[in-house]
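Let's take a walk through this model, one feature at a time. Have the viewer open and follow along.

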Amino acid sequence: MNVMVGNAQKLWQKETIKLPPSVCYASHDSHRSFVPAPLKLKSGTTKSSTIVVDYVNFPADAKIAFQYAVDIWKDLIYSPVPIRIKATWEVLANDVLGSCSPSDYYYNFNSTQIWNCYYPVALVEKMMGQEVNSPLAYDVEASFNSSFNNWYFGTDGATPADKYDLVSTALHELGHGLGFHGFFYTQRGRGGYGDSDALSAAFDQFVINKSGEKLVDTKLFTNPSIKMYQSLTSDWLAFSTVLTSDSLPRLYAPVTWNGGSSVYHLNDDTYPYGDPNSLMTHAMGKGEAIHSPGPNTLAIMYDIGWKSISIKHKPLKDIELVTAPMTFDAQIESDYDLDSTKLYLFYSTNKFLKSDSIQLKPTGTPSIFSAKFQPPQNT
């Protein structure tokens with residue numbers, strides 16, 4: 001469970017970075033299969049997101065397919081801030097069905113989950129509960145290959161054996177734009193991550209090798225290094241999560257580095273066509289219709305921050321001598337079901353060598369909880 005603590009008085013310096021997009025390749029194989037969309041919960045039982053799309057050169061029937069994919073994602077993630085997407089229908093490289101990436105990354109913002117770590121802008125806005133770039137700026141930018149004359153624009157999953165399903169491709173690319181993306185690279189036999197500041201993306205924080213070593217652990221891996229390159233091209237990487245029921249999600253890590261595909265896809269051999277987790281594999285075959293991200297992809301998305309608890313509060317002022325009870329208020333919002341009778345404020349008078357706690361109680365205002373406590377004298 002991810003917890004984000006926000007300090008309302010801290011001044012945030014907006015630091016951004018922009019990266020090349022991840023791509024989805026067209027496989028020339030034909031494997032007719034259908035993974036249906038997740039069942040929608042009854043209206044009012046879950047939060048959903050508002051996703052606004054600006055289409056550039058999109059055919060009318062392609063818009064219908066793309067919007068169908070958007071409607072799947074908006075019911076699986078939640079943000080109080082509208083997510084703006086630019087979708088372009090244009091000529092891309094041969095065998096590339098589509099490409100997509102976050103428009104920007106930010107780090108060290110209020111309510112960040114991991115310090116000195118970049119998050120995609122749509123996720124930053126979800127965590128902060130406010131616009132970060134601009135109300136009219138795009139959070140996700142995606143492109144789809146207009147050169148293909150065998151797209152299938154239907155939404156029923158009945159993709160012919162000689163066509164590529166646009167709903168599946170759009171669903172896949174939106175996953176990248178929402179955060180299934182990161183900073184790992186290889187160059188001259190070395191593997192590394194980050195720009196000049198050598199910071200990772202949120203996704204990268206969970207990538208482990210077969211020995212269970214986190215690739216961003218600087219005690220184990222120099223950035224960049226030959227050792228990291230060997231792990232990135234080891235044919236075995238996984239995403240470390242406790243949100244999957246049986247095994248860790250296997251990542252795509254071919255022995256030859258594939259820029260735009262390596263690491264930021266699921267392993268094709270582990271999740272073949274028809275598998276519930278096959279959407280985010282690096283290539284899509286003709287006849288495949290995958291209308292669900294699958295449990296592994298959702299676990300990844302939720303772990304990087306799309307399901308979290310946000311705690312926002314104003315710090316108490318320094319007081320030389322405490323003579324009256326002190327009041328602590330917190331705004332607690334959660335994407336998980338919380339037991340409001342088990343929320344506590346922990347405090348210490350000796351730098352947490354020992355600590356005490358007091359229950360945070362509802363105030364009558366939604367999401368606002370409060371505790372009143374009297375610290376010991378002379379503290």
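## Ground rules

This is a predicted model, so to speak of local features a pLDDT of at least 70 is needed, side-chain atom pairs count only at pLDDT 80 or more, and totals for chains, interfaces and linings use all residues. Residues are numbered from 1 along each chain as its sequence is written, and side-chain values use heavy atoms, with hydrogens and water left out.

## Aromatic rings

How many aromatic pairs does a search of the whole structure find? The search turns up 20. To pair, rings of Phe, Tyr and Trp (its six-membered ring) need centres within 6.5 Å; planes under 30 degrees apart are called stacked, over 60 edge-to-face, and the rest tilted. Take Tyr 55 and Phe 66: their ring centres are 5.7 Å apart and their planes stand at 85 degrees, so this pair is edge-to-face. The pair links distant parts of the chain, with Tyr 55 in strand β4 (residues 51–56) and Phe 66 in helix α1 (residues 60–74), 11 residues apart. Helices (H or I, at least four residues) and strands (E, at least two) are DSSP runs, numbered from the N terminus.

Are the two partners buried or exposed? Phe 66 has 0% relative accessibility and counts as buried, while Tyr 55, at 25%, counts as partly exposed. Here buried means under 20% relative accessible area, exposed over 50%, and partly exposed in between (1.4 Å probe, protein chains only). Both rings also belong to one aromatic cluster, formed by Tyr 55, Phe 58, Phe 66, Trp 89, Phe 144, Phe 148, Trp 151, Phe 153 and Tyr 164.

## Lysines over rings

Two lysines are worth a look here. Lys 214 has its charged end over the ring of Phe 206, 5.9 Å from the ring's centre. Lys 307 lies over the face of Tyr 302, at 4.7 Å from the ring centre. The rule for a charge over a ring is NZ of Lys or CZ of Arg within 6 Å of the ring centre and within 35 degrees of the ring normal.

## Where α2 meets α5

Helix α2 (residues 121–128) packs with helix α5 (residues 294–306) at an angle of about 55 degrees, and their axes are 11 Å apart. Axes are lines fitted to C-alpha atoms, for helices over the stretch in contact, and angles run from 0 to 180 degrees between N-to-C directions. α2 and α5 are therefore oblique to each other; the scheme is under 35 degrees for roughly parallel, over 145 for roughly antiparallel, 65 to 115 for roughly perpendicular, and oblique for the rest.

On the α2 side, the contact is made by Ala 122, Leu 123, Lys 126 and Met 127, and on the α5 side by Ile 304, Gly 305 and Trp 306. Contact means heavy atoms within 4.5 Å. The residues of this contact divide into 5 nonpolar, 1 polar and 1 charged.

Leu 178 sits in the loop between α3 (166–177) and β12 (184–187), and is buried with a relative accessible area of 3%. Leaving aside neighbours within four places in sequence, Leu 178 is in contact with residues including Trp 73, Pro 120, Ala 122, Ile 304 and Trp 306. Thr 297, in helix α5, is buried too, with a relative accessible area of 1%. Not counting residues up to four places away in sequence, Thr 297 touches Trp 73, Phe 180, Leu 266, Asn 277 and Met 280.

Ala 253 is in the loop between β16 (250–251) and β17 (283–290) and counts as buried at 1% relative accessibility. Its C-alpha atom is separated by 7.4 Å from that of Asn 267, 14 residues apart along the chain. With neighbours within four places in sequence set aside, Ala 253 is in contact with Leu 232, Thr 233, Ser 234, Asp 235, Trp 236 and Leu 237.

Which peptide bond is cis, with omega near -5 degrees? The one from Asn 223 to Pro 224, and Pro 224 is found in the loop between β14 (207–209) and α4 (226–232).

Asp 95 is not a glycine, yet has a positive phi of about 70 degrees. Asp 95 belongs to the loop between β5 (83–90) and β6 (96–102) and is partly exposed, with a relative accessible area of 33%. Asn 116, also not a glycine, has a positive phi of about 55 degrees. Asn 116 lies in the loop between β7 (105–107) and β8 (118–120) and counts as partly exposed at 36% relative accessibility.

Definitions and conventions:
Nonpolar A, V, L, I, M, F, W, Y, C, P; charged D, E, K, R; others polar.
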